[in-house]
Amino acid sequence: MPGSEPAAERSPGTTVWSLIRSERAALAADLADLPDDRWATPSLCAGLTVREVLAHLTAGASLNAVRWLAGVIRCRFDFDKQVAVRLAEQLGSTPAETLERFRRVVPSRTRPPLPAVAMLGETIVHAEDIRRPLGMRRDYPTETLTRVAEYYQGSDLVVLAKGRIGDLRLVAQDGPFETGSGALVSGTTLALTMAMTGRGAYLDDLEGDGVERLRERCGTA
């Protein structure tokens, strides 16, 4: 209820950045001993390896609004090209260099013209794009996942999420997240979040009458 939230919850900007830093640090730690040959593993992000996704995360943490806009203009408003160019800038010559570049931006608060919670979402979703194919698992804090799920359920910025879950009722089994009305889709907050962002690999972790409709919208029918 309004006025009943703890002080930390009423300072979302500062709190979200601390969550972003924690998640970046956890991902860097998970990848610290990854053998060189595993870095070429295809990620859940179509067409990108896990190493390329990590470079993409580094790029996002290295671009302020001015540099982002300059890049978009230079790429003639081809946003996919802009992403590819910035990724290439941060890839480095070896997996070790890719990881080191990411470590440097762990505390960064630099961001493109996006809200901080969108950066948290990017961090979580792309971390899973990396972890899942590598067989890695993280026990994410429920608060962190709930913030991200609540953001995506009302946004189509960067990735289509709000539109993907129209006329569906999403209910988390491991936390307070719940949204929408219609056919039920239930599961962990992580699986719901990843499905909202189009990651079909998580659909088998969900249950309910609405799962098949969501599967169709993820293009995995």
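Two residues are in contact when they have heavy atoms within 4.5 Å of each other. Keep that in mind for these close-ups, which come from a predicted model.

**View 1. Helices α7 and α8 pack side by side.** Helix α7 covers residues 142-152, and helix α8 covers residues 189-196. Who meets whom here? On the α7 side we find L145, T146, V148, A149 and Y152, and their partners in α8 are T189, L190, T193 and M196. Angles under 35 degrees count as roughly parallel, so that's what we call α7 and α8. Their crossing is left-handed.

**View 2. Y151 and Y152 form an aromatic pair.** A pair of aromatic rings is described by the distance of the centres and the angle of the planes. For Y151 and Y152, the centres are 5.2 Å apart and the planes sit at 55°, so this pair is tilted. Are these two residues buried or exposed? Y151 has 13% relative accessibility and counts as buried. Y152, at 3%, is buried as well.

**View 3. R132 places its charged end over a ring.** The ring belongs to Y202, and the charged end of R132 is 4.2 Å from the ring's centre.

**View 4. G92 sits in a loop.** Look between α4 (79-91) and α5 (95-104) to find G92. With 24% relative accessibility, G92 counts as partly exposed. Skipping neighbours within four places in sequence, G92 is in contact with R51, E97 and R101. Now find A55: A55 and G92 are 37 residues apart in sequence, yet their C-alpha atoms are 8.4 Å apart in space.

Notes:
Residues are numbered from 1 along each chain as its sequence is written. This is a predicted model: local features need pLDDT of at least 70, side-chain atom pairs count only at pLDDT 80 or more; totals for chains, interfaces and linings use all residues. Side-chain values use heavy atoms; hydrogens and water are left out. Rings of Phe, Tyr and Trp (its six-membered ring) pair if their centres lie within 6.5 Å; planes under 30 degrees apart count as stacked, over 60 as edge-to-face and the rest as tilted. Buried means under 20% relative accessible area, exposed over 50%, partly exposed in between (1.4 Å probe, protein chains only). A charge sits over a ring if NZ of Lys or CZ of Arg is within 6 Å of the ring centre and within 35 degrees of the ring normal. Axes are lines fitted to C-alpha atoms, for helices over the stretch in contact, and angles run from 0 to 180 degrees between N-to-C directions. Helices (H or I, at least four residues) and strands (E, at least two) are DSSP runs, numbered from the N terminus. Angles under 35 degrees count as roughly parallel, over 145 as roughly antiparallel, 65 to 115 as roughly perpendicular and the rest as oblique. A crossing is left-handed if the near helix is turned anticlockwise from the far one by less than a right angle, and right-handed if clockwise.
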